[in-house]
Amino acid sequence: MSEEKIIEAERLKREKDGLDVRADIYRYATDGFDTIDSGDFMRFKWWGVYQQRPNEGHFMMRIKVPGGRLNNEQFRAIISLTTEYGRGFSDITTRQTIQLHWLEIQQFPDIFARLEATGLTSAGACGDIARNVTASPAAGFDPDELVDTRPVTDAIQEFFHLNKNFSDLPRKYKIAVEGSSIQSTVPQINDASLVAYRRQSDGVVGYHFFVGGGLSLQPHIAKQLDIFVPADQIEKIVDVQRAISECYRDASQLRKKRTRARLKYLMAEWGPEKFTEEVRKKLDWSPDPAAPGFEFSDETFRDHVGIHAQKQDGLYWIGLCILAGRWTDAQMNVVADVAQKYGSGEIRLTNIQNCLIPDIAEANLEPAKAELAAAGFAWEVPTIRRGAQSCTGIEFCNLALTETKLRIKDVISHLEMVTPEPYERGIKINMNGCPNSCAQHHVGDIGLQGCMATMGDGSKVEAFDIHVGGDLGKDATFTKAIHRKVPAHLVKYALENVIKNFQETRENQERFAHWAHRHTNEELDAILGVETIVGAPDLPARAAVEAVPA
């Protein structure tokens, strides 16, 4: 993005707070799409609204779902909007929100009213503001959780909601609250994360604070502040989060270049010691230092898929695997019905684009499973499906270069036939339609970054840069790009080759990331066995029918 455009973005925010555009949305709903001021298209994001590709009158909208928790009334309100305005489908995002498509400007007053009637909002779902607060999706019923994150999640959401002290941040601001031992909110790559820990000295459970994680073009792992706050001191926890946010908000150097405006660059400039010092200066009380002994989880699966016993005796949750996060309104209605009929009515969304239905008595598991299976849902799936994620892609996103939703399904279906259980930790494949990493391709075992490739005859085709070796936990690593611009229709064969080679050559049960990083890029490139020149001789024979793009 050019310097001129960067200055323009800051100018637009100074002229009018993004939260104030709501009145204009109501006016445009009456006056029509053609009357929308160009600057207000940017400000619409503060209410979760983006122009939808190809920018000819339709919008996509994200609905905030703090911690991924929806009661039945809220979920049914979203379903009704999906049916009436969203052409019968919606997407679960990697921040536990719901995204609708095909919306028109005149519909937004009704959409806002119906969401707010159930306690939902889209305020802050996009824009340079605190985004949806993600949290452990099984909070409150996870038998292994250290603490129920719901009180803190709600307090942070309430603090930032419509708070104009924090509605003009340098860029987007992503917060995670983690109370589970498996750390499913991937706190290492959020701007600011609260991670529960049991202090060894006295057994007190509290939160550590991590700052400066993020992906996109330059991925960073969050750094720990020297602060620990007991989990029951909610006001103080929010106060620390306020101080962190003020450090970000007031860092004027981050506003000079849009591509370097995320909180991770401030942490890189200051380091964790100075950042801790600056946060403490903004508090009128003195928090405890960080507790020694903390380590990030190396848990194999963080997706909550399957049938699991809750901490409440006799109750279970069903974790549905929803590949790419897309479901129809008919499927959503089945989930709502099953949750209401056999559970407490609640639905939980995960940041791996899945859905949980909690509070199902053991006697009701079989009828619940039967109704879900009849609607096309699955919960006992190959591990390679459990770990797959994708972004919105070129179908609707103005930044994307490639299609993703259908393509990830094709890739996974192929790999399930040839390598259904790649190894005990699964293989996590993250597909992005551009470099922005909404589907977090830097931390997948295999990351796919959309691009365009020029073929030998000069034609352009959709393609992917193939990255391997991402991992989170104690030995977090980012993927490395080993092959650029593989035509999209050949990607599945390249992944088949690399997975099979891994299975044959891994040493001493090593993890995929370790295996990938002990090979050179040249070795991995050879293992992939594909070139940008279509029809490379080392492709599987069955790829020949796809050697020429349609």
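This note goes through the sheets, helices, cores and cysteines of a predicted model.

1. Basis of the note. In this predicted model, local features need pLDDT of at least 70 and side-chain atom pairs count only at pLDDT 80 or more, while totals for chains, interfaces and linings use all residues. Residues are numbered from 1 along each chain as its sequence is written, and side-chain values use heavy atoms, with hydrogens and water left out.

2. The sheet from β6 to β10. Helices (H or I, at least four residues) and strands (E, at least two) are DSSP runs, numbered from the N terminus, and two strands pair if DSSP finds at least two bridges between them. On that basis 5 strands, in the order β6-β7-β8-β9-β10, form an open sheet with mixed pairing. At its edges are β6 (134-135) and β10 (223-230), each of which pairs on one side only. Strands β8 (residues 192-198) and β9 (residues 205-211) run antiparallel and are joined by 7 bridges, and Ser193 stands opposite Phe210 in β9.

3. Helices on that sheet. Contact here means heavy atoms within 4.5 Å; axes are lines fitted to C-alpha atoms, for helices over the stretch in contact, and angles run from 0 to 180 degrees between N-to-C directions. Helix α7 (residues 234-249) lies across β7 (175-178), β8, β9 and β10, and runs at about 155 degrees to β10. Helix α8 (residues 263-281) also packs on the sheet, where it touches β9 and β10, and its direction makes about 40 degrees with that of β10.

4. The sheet from β16 to β20. Another open sheet of 5 strands has the order β16-β17-β18-β19-β20 and mixed pairing. Because β16 (389-390) and β20 (480-487) each have a single partner strand, one side of each edge strand is left without a neighbour in the sheet. Strands β17 (residues 429-432) and β18 (residues 446-454) run parallel and are joined by 4 bridges, with Met431 opposite Leu448 in β18. Helix α15 (residues 521-528) packs on this sheet, touching β19 and β20, and its direction makes about 35 degrees with that of β20.

5. Helix α10. Buried means under 20% relative accessible area, exposed over 50%, and partly exposed in between (1.4 Å probe, protein chains only). In α10 (residues 365-374), Leu365, Ala368, Lys369 and Leu372 are buried. Seen down the axis of α10, these buried residues fall within an arc of 100 degrees, so they line one face of the helix; the arc is that of the directions from the helix axis to the C-beta atoms. They pack against β11 (306-309), β12 (315-320), α9 (329-342) and β15 (355-361), whereas Glu366 and Ala374, on the other side of α10, are exposed.

6. Nonpolar cores. A nonpolar core is a set of buried Ala, Val, Leu, Ile, Met, Phe, Trp, Tyr and Cys residues joined through side-chain atoms within 4.5 Å. The largest has 57 residues, and those with the most contacts inside it are Phe44, Phe108, Trp327 and Val335; α9 gives the most to this core, with 6 residues. Leaving aside residues up to four places away in sequence, Val335 touches several residues, including Trp327, Cys355 and Leu372.

7. Cysteines. A disulfide is a pair of cysteine sulfur atoms within 2.5 Å, and a search of the whole structure finds 0. For Cys397, the nearest cysteine sulfur, that of Cys434, is 5.9 Å away, and Cys397 is buried, with a relative accessible area of 18%. The sulfur of Cys451 is 11 Å from the closest cysteine sulfur, in Cys434, too far for a bond, and Cys451 counts as buried at 6% relative accessibility.
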